[in-house]
Amino acid sequence: MKISTKSVLLISALTSSFFLIYSSYKGTILYFVNEALEDTFVGGSTSDISIYLWFTISGILILITLMFLFFLKIKDLKSQKIIVTGLTVFWITISIFLILINLSNFWISLITLTVGVLSFLAMKNLKKIIIAELNKKGLTDKEVYLLQKLAGISKD
């Protein structure tokens with residue numbers, strides 16, 4: 001299955017945008033619940049810290065989404081490999097963390113695990129592309145000379 005780096009970055013940006021919308025929604029709902037409770041005679045209130053936390057998570061997710069979109073401009077294959085390797089570790093770590101913390105959010109864990117697997121497949125595909133690119137170029141005269149020196153073969 002051939003998955004390009006661009007498609008994995010777009011899928012990652014879309015997934016983080018989904019989580020961005022979700023966390024913004026939760027923060028907005030908490031804010032309005034807090035305002036409604038202050039206006040009633042019940043007198044309870046939600047924690048302002050939880051509101052700040054949801055909006056802080058939203059801000060971090062905006063930066064992550066923009067970072068994924070920024071990575072689309074990188075053309076160097078070795079840099080793309082490093083980025084896709086980081087993406088694979090990022091998404092699989094998040095999915096394992098979500099499974100360990102709260103299994104009731106199975107669908108969210110499944111989404112992150114799917115993106116992690118797609119990133120892994122893209123990383124394997126990118127390795128094949130890099131190897132094919134290196135094989136296409138061949139060795140330079142200096143590299144051949146150094147390999148012969150290393151092997152103990154003298155050129156007459």
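User: Which hand does the crossing of helix 3 and helix 4 have?
Analyst: The crossing of helix 3 and helix 4 is left-handed, meaning that the near helix is turned anticlockwise from the far one by less than a right angle. This is a predicted model, in which local features need pLDDT of at least 70, side-chain atom pairs count only at pLDDT 80 or more, and totals for chains, interfaces and linings use all residues. Residues are numbered from 1 along each chain as its sequence is written, and side-chain values use heavy atoms, without hydrogens and water.

User: At what angle do the axes of helix 3 and helix 4 cross?
Analyst: Helix 3 (residues 77-101) and helix 4 (residues 106-137) have axes that cross at roughly 160 degrees and come within 8 Å (helices being DSSP runs of H or I, at least four residues; axes being fitted to C-alpha atoms over the stretch in contact, with angles from 0 to 180 degrees between N-to-C directions). That makes helix 3 roughly antiparallel to helix 4 (over 145 degrees).

User: And which residue classes make up that contact?
Analyst: The contact of helix 3 with helix 4 has 17 nonpolar, eight polar and four charged residues (charged being Asp, Glu, Lys and Arg, nonpolar Ala, Val, Leu, Ile, Met, Phe, Trp, Tyr, Cys and Pro, and polar the others).

User: What about helix 2 against helix 3, parallel or antiparallel?
Analyst: The axes of helix 2 and helix 3 come within 12 Å and cross at roughly 150 degrees, and the two helices are therefore roughly antiparallel to each other. Helix 2 passes helix 3 in a left-handed crossing.

User: Switching topic, how many aromatic pairs are there?
Analyst: The structure holds eight aromatic pairs (Phe, Tyr or six-membered Trp rings with centres within 6.5 Å). One of them joins Tyr22 and Trp54, whose ring centres lie 6.1 Å apart with planes at 80 degrees, so the pair is edge-to-face (planes over 60 degrees apart).

User: Where in the chain do those two sit?
Analyst: Tyr22 is in helix 1 and Trp54 in helix 2, 32 residues apart, so that pair links distant parts of the chain.

Notes: Parallel < 35°, antiparallel > 145°, perpendicular 65-115°, else oblique. Phe/Tyr/Trp six-rings, centres within 6.5 Å; stacked < 30°, edge-to-face > 60°.
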